[in-house]
Amino acid sequence: MSDFYQSGIITTLHQLGKPSLERIESELLGYVKTRPVALALPALYSEFEGPAMPGIVQELAKVKYLNEIVLVLDKASEKDFKRVREFMSPISTEVKIIHNDSKRINEIYETFARNGFNVGERGKGRSAWIAYGYILARARSDVIALHDCDIVTYSRELLARLCYPVVHPNLDYVFCKGYYSRVSSGLNGRVTRLLVTPLIKALEQLIGPHDFLAFLDSFRYPLSGEFCMITDLARVNRIPWDWGLEVGSLAEVHRNYSPRRVCQVDIAANYEHKHQILSADDASKGLMKMTVDICKSIFRTLASEGVVFSDGLFKSLLVSYLRQAEDTIIKYEADAAINGLKFDRHEEAMAVEAFTRAIAMATQVFMENPMTTPLIPNWNRVISAIPDIFEMLKMAVDEDNK
Amino acid sequence: MMDFLNLILDPLQEVFLKFKVFLPNLLAMLIILVLGIVLAKLVKAILVKSLIAINFDSWSDRMGFTTLMRKGDVWGKPSATLGAIIFWLMIILTLMIGLSALKIPAIDSLVTEVFNYIPRAFSAALILAIGYVLTGFVSQGILIAAVNSGYHYAKLIAEAIRTLLMVLILAMAMEQLQIAPSIVLAAFTIIFGGIVTALAISFGVGGIDAARRMIERESAGKSVEETKDDIDPL
């Protein structure tokens, strides 16, 4: 990214020129003495068998400023867990693995359930939440960074740039979201390009200027899975456990902090990860499921801030979205053309049609029950109901890691 | 030849006669065991269901009993664990009653000893349970009071008092169980005495100046009050 334009109501930290990674890392090494950083990694065992995780581990082994790494391992047997421990051994930073399928961790989830907490189904949301809990329980870090474990193009520069704005004592940011371009031979990131951005524009058109929409619109890549935050935020934030995780988390950040203390940072020149299938005919999986969950999360957040949704508004929204998305396709076609990238206009239009159907489904679900979007309660509430939960969680993880 | 055969058959006959006398006892024991196991299973099932119905697990989570279990690396549900404890206690009890049905003097005395020990075990368990809850309350109260008073080491003080109280309660429980009572008493006296002596010495040596200042302030306050009294009638 060569421009330095500040768009929206949050701060954008661009990658200008070629900043030295060594300089950033050496600065971080100084800052973390007073603001230790924990890295949370929600991972599936299958990601260790693919190309992404070996590269990530190789890079993390070179990182010196991290205080602890908390890996939440899902869909793994006892043997897989042992293999992953071995796999993570080249990393010199202390690594703790939360094995989601272990007897002890399952009992922790049972404890939540019997005390009336719905922590949702397996997935990134629940894994991220339990990682926050464990980091809070240990109380050894002031900052939490999180990134996905399916990044094929991972470099430690991504982590350094992600942590820098929150760890730097003079910058005073509480939350930092990563952004990057999703370019290979063509343009990727369909859900952000063709759903979220046009949907926000359509909503702004229909309900007028709105703080949350302006906040969401400020993010260049609102669905990126990479962010860094202070631990206090992990304590007060409620997060969705479904695909609405990213948007829902941003809604909670918006609710609890001023946009002045939120920033986004360019973390990678290119980013490649596992692609989801569109699944246009089945709304229960793939990008369609993602779309429905994201829309529900946005509608619920807006409703909680006083926006009144009606059948008429939703009907207009579908038409308005379609127009916005079609305009967007034209813009991206031109962008692809000048950069010599492949661009299948028909495929993009098909995706927009599918997204329109998904929005219609989301509006229907929302009208039937506006409370359906699941949110995992924040840790402050959990502690007030189960005062010893941190101690139990710590014991479970530590025993599993012995 | 007959004499020789009698030599072999007589002991066998004797064993057979003894066994005939013993057989009803054995059958009684087996029936007691079977009935006991069935009853224990029934009681366990009813108990666990009742505990779940009254939200015992959730209550245990809040009161810290679950944490206590986890510290002992027990990762079952509190209700299921309590059910299992009661089940095994009933099995032991059944076994004791069953063995006493055999009417063997050596076993009878063992059974009597076990039954005599049960009240002690029960009171030790009660001491531990009540002590654990009380320790939690006291240390929490001290923590809140110390934090409100602005003590820097509030958590350390609360943890130290919790540990001391737990040592005291553990000693009481072990004394109740009659496990090496003289050693427990001696160890407890040495540890507690040592701590109190250490505190006394550290306060005595380190707090001379503070104590002096307090006494001086106190006496200065008194003299001011006396002066006030003198002036008041004027």
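Helix α14 of chain A (residues 345-368) has 24 residues and reaches 35 Å from its first C-alpha to its last, close to the 34 Å expected at 1.5 Å a residue. The expected span is 1.5 Å times one less than the number of residues; helices (H or I, at least four residues) and strands (E, at least two) are DSSP runs, numbered from the N terminus. The model is predicted: local features need pLDDT of at least 70, side-chain atom pairs count only at pLDDT 80 or more, and totals for chains, interfaces and linings use all residues. Residues are numbered from 1 along each chain as its sequence is written, and chains are lettered from A and ligands numbered from 1 in the order in which they are written.

The buried residues of α14(A) include Glu348(A), Ala351(A), Phe355(A), Ala358(A), Ala362(A) and Phe366(A). A residue is buried if 20 or more other C-beta atoms lie within 10 Å of its own, exposed if 12 or fewer, and partly exposed in between, with C-beta atoms placed from the backbone. An α-helix has 3.6 residues a turn, so residues three or four places apart point the same way. The cover over the buried residues of α14(A) includes α8 (190-207), α12 (286-304) and α13 (311-339) of chain A.

Eight strands of chain A form an open sheet with mixed pairing, in the order β1-β9-β6-β7-β5-β2-β3-β4. β1 (11-13) and β4 (95-99) of chain A are at the edges with a single partner strand each, so one side of each has no neighbour in the sheet. On average, neighbouring strands of this sheet are turned by 20 degrees against each other, direction ignored. Two strands pair if DSSP finds at least two bridges between them. Two of the pairings are tabulated below.

| Strands | Sense | Bridges | A bridge pair |
|---|---|---|---|
| β5 (143-146) and β7 (227-230) of chain A | antiparallel | four | Ala145(A) and Cys228(A) |
| β3(A) and β4(A) | parallel | five | Val70(A) and Lys96(A) |

In β4(A), five of its five residues are buried. Val95(A), Ile97(A) and His99(A) point one way from β4(A), and Lys96(A) and Ile98(A) the other way.

Helix α4 (residues 78-88) of chain A lies across β3 (66-74) and β4 of chain A, running at about 160 degrees to β4(A). Helix α6 (residues 124-138) of chain A packs on the sheet and touches β2 (37-44), β3, β4 and β5 of chain A, its direction making about 150 degrees with that of β2(A). Axes are lines fitted to C-alpha atoms, for helices over the stretch in contact, and angles run from 0 to 180 degrees between N-to-C directions.

The largest nonpolar core has 124 residues, and Ala40(A) and Cys163(A) have the most contacts inside it. Such a core is a set of buried Ala, Val, Leu, Ile, Met, Phe, Trp, Tyr and Cys residues joined through C-beta atoms within 7 Å. Beyond its neighbours within four places in sequence, Ala40(A) is in contact (C-beta atoms, placed from the backbone, within 7 Å) with residues including Val70(A), Ala128(A), Tyr132(A) and Ile144(A).

Between the chains, 14 residues of chain A are in contact with 12 residues of chain B. On the chain A side, α5 (103-114) and α16 (389-400) are the elements that give two or more residues, and α5(A) gives the most, with six residues.

In chain B, Asn55(B) has a positive phi of about 60 degrees although it is not a glycine. Asn55(B) lies in the loop between α1 (2-53) and α2 (56-63) of chain B.

Conventions:
Two residues are in contact if their C-beta atoms, placed from the backbone, lie within 7 Å.
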